[in-house]
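Subject: Structure handover

Hello,

I am passing on the structure below for you to look at. My notes on it follow.

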Amino acid sequence: MSTWCLGAMRSAAAAIAIGAMALPSASAQTGEPIRIGLSLALTGAGAAPSKVINTALEMWRDDVNAKGGVLGRPVELVVYDDQSTPANVPAIYTKLITLDKVDLLLGPYGTNFVAPAMPAIMAHNKMTISFTAIGINDKFKYDKYFSMVSVGPDGINAFSRGFFEIAVDQKPKPETVAILAADAEFARSAADGARDELKKHRLKLVYDQSYPPQTTDFSAVMRAVRAANADLVWIGAYPPDNVGIIRAADEIGLSPKIFGGAMIGMLITPLKVQLGPLANGLLIGENFAAAQAPSIPGSADFLKRYGVKASAAAIDPLGFAFGPFAYSAGQVLAQAVTETKSLDHAKLAAYMHQAKFDTVSGSFSFAGDGEWAKSRQVWTQFQNVQPSNLDQFRDGKVQPIIWPADVKTGNLIYPYADAKKK
């Protein structure tokens with residue numbers, strides 16, 4: 001065994017904070033469980049979305065087992081907490097593969113965690129489906145990697161394409177752009193896409209800075225953004241950062257023509273409720289908006305059942321952004337295993353590259369790079385948000401879809417200052 005693997009095993013013993021979560025075999029099922037291993041950020045900065053993913057996967061597991069399992073075998077989840085620390089992830093996946101000897105893999109959660117997991121997964125020739133990672137195969141080009149983020153061929157540009165296409169349609173047309181992004185994998189990648197998109201529209205970049213992931217006080221950062229006096233302010237930020245950035249922007253009176261971007265914290269319901277009217281005017285990219293749920297078969301039922309589970313677990317009560325995709329990842333696995341009658345990772349990957357999947361996230365197929373063959377990113381704007389009101393976020397009325405035109409449910413309030421008054 002290589003020195004790297006031995007080191008990874010030792011690291012795993014220290015890094016792993018949560019043991020395997022298993023479901024006993026149902027009496028109607030025969031044989032050993034099909035064990036599916038993954039790591040999630042169940043504690044630390046990534047805990048809010050990861051707990052939604054975990055709950056949705058448990059729902060899928062329970063649903064599958066209630067119907068007799070997969071290939072007549074019960075499904076068992078083996079989940080480890082990576083503590084929101086990317087450095088912990090390689091050891092976890094090495095342990096899942098070599099010591100736990102799980103049958104299948106999922107995850108990890110996002111770009112920052114999937115990238116360090118890939119060498120271990122590839123070294124053992126295993127297949128995985130990540131949940132929210134972007135652009136992974138731009139680097140690894142691995143035929144057994146798949147993603148549940150519906151960015152499609154747009155890749156990292158999906159987190160800014162709609163933002164800038166909306167912007168250049170406004171009158172007067174904005175001309176200048178400020179970019180602020182966290183200095184971490186996802187935000188850096190999304191910011192790269194934003195730079196590419198603004199060039200397509202001949203917009204001028206007047207401010208382009210990153211901030212350390214551990215930043216908690218954004219007052220100075222946002223004053224620098226305001227000083228740039230850009231027409232458009234695009235942000236690439238993680239959940240813990242969004243509240244600080246938005247509050248600081250409000251305190252200093254930041255008032256560009258459009259404000260928003262890849263602000264993934266604004267996908268999390270408790271943060272929306274916490275910010276209330278301070279969110280008004282923000283334009284954000286989403287993979288699954290509340291306004292889309294009624295048009296996707298099975299989605300409304302899943303979300304209703306998820307709400308019951310979420311209430312008991314004290315997690316995001318709506319779960320739009322992460323829950324459907326996690327449950328769908330389980331649906332994809334179940335279909336692939338059932339249709340191939342195999343747990344062979346190469347056979348499963350080959351099937352997944354040519355199949356169509358109908359899930360609670362919608363119908364889709366995978367392209368050669370493991371991303372969705374077609375993009376389904378939408379852009380929504382917070383409008384007329386009221387304080388301390390959870391229910392207003394259930395149907396998408398305060399977050400109408402502005403782009404693309406074929407699924408549009410509302411119009412942009414422009415400029416940002418006008419939307420903020422509502």
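In this predicted model, strand β6 is mostly covered, with seven of its seven residues buried. Thr 176, Ala 178, Leu 180 and Ala 182 point one way from β6, while Val 177, Ile 179 and Ala 181 point the other way, and all are buried. The strand runs parallel to β7, and seven bridges join the two. One of the pairs is Ala 182, whose bridge partner in β7 is Tyr 211.

Both strands belong to an open sheet of seven strands in the order β7-β6-β8-β9-β10-β13-β14, and the pairing in this sheet is mixed. Strands β7 and β14 (401-403) stand at the edges; each has a single partner strand, so one side of each is left without a neighbour in the sheet. From one strand to the next, the twist averages 25°. At the β14 end, β13 (residues 378-381) and β14 run antiparallel and are joined by two bridges. Trp 379 stands opposite Trp 403 of β14.

Helix α7 (residues 185-200) lies across β6, β7, β8 and β9, and runs at about 165° to β6. Helix α8 also packs on the sheet, touching β6, β7, β8 and β9, and its direction makes about 175° with that of β7.

Next is helix α9. Which parts of the structure cover the buried residues of α9? They include the strands β6 (176-182), β7 (204-211), β8 (232-237) and β9 (258-263), along with the helices α8 (219-228) and α10 (269-275). The buried residues of α9 are Pro 239, Asp 241, Asn 242, Val 243, Ile 245, Ile 246, Ala 248, Ala 249 and Ile 252. The helix itself (residues 239-252) has 14 residues and reaches 21 Å from its first C-alpha to its last, close to the 20 Å expected at 1.5 Å a residue. Just after α9, Gly 253 takes a positive phi of about 75°.

There is also an open sheet of three strands, ordered β2-β1-β3, with parallel pairing. Here β2 (75-81) and β3 (104-105) are at the edges with a single partner strand each, so one side of each is left without a neighbour in the sheet. Strand β1 (residues 34-40) and β3 run parallel and are joined by two bridges. Ile 36 stands opposite Leu 104 in β3. Helix α3 (residues 89-98) packs on this sheet and touches β1, β2 and β3, its direction making about 170° with that of β1. How many residues of α3 are buried? The helix is mostly covered, with 10 of its 10 residues buried. Among them are Tyr 93, Thr 94 and Lys 95.

The last item is a pair of helices. Helix α12 (residues 323-340) packs with helix α13 (residues 345-354) at an angle of about 110°, and their axes are 9 Å apart. That angle makes α12 roughly perpendicular to α13. On the α12 side, the contact is made by Val 332, Gln 335, Ala 336, Val 337, Glu 339 and Thr 340. On the α13 side, Lys 347, Leu 348, Tyr 351 and Met 352 take part. The residues of this contact divide into six nonpolar, two polar and two charged.

Regards

Methods
Residues numbered from 1 in each chain as written. Predicted model: local features only at pLDDT ≥ 70, side-chain atom pairs only at ≥ 80, totals over all residues. Heavy atoms only, no water. Axes fitted to C-alpha atoms, helices over the stretch in contact; angles between N-to-C directions. Helix = DSSP H or I, 4+ residues; strand = E, 2+ residues; numbered from the N terminus. Parallel < 35°, antiparallel > 145°, perpendicular 65-115°, else oblique. Contact = heavy atoms within 4.5 Å. Nonpolar A, V, L, I, M, F, W, Y, C, P; charged D, E, K, R; others polar. Pairing = 2+ DSSP bridges. Expected span 1.5 Å × (residues − 1). Buried < 20%, exposed > 50% of the residue type's maximum accessible area, 1.4 Å probe, protein only.
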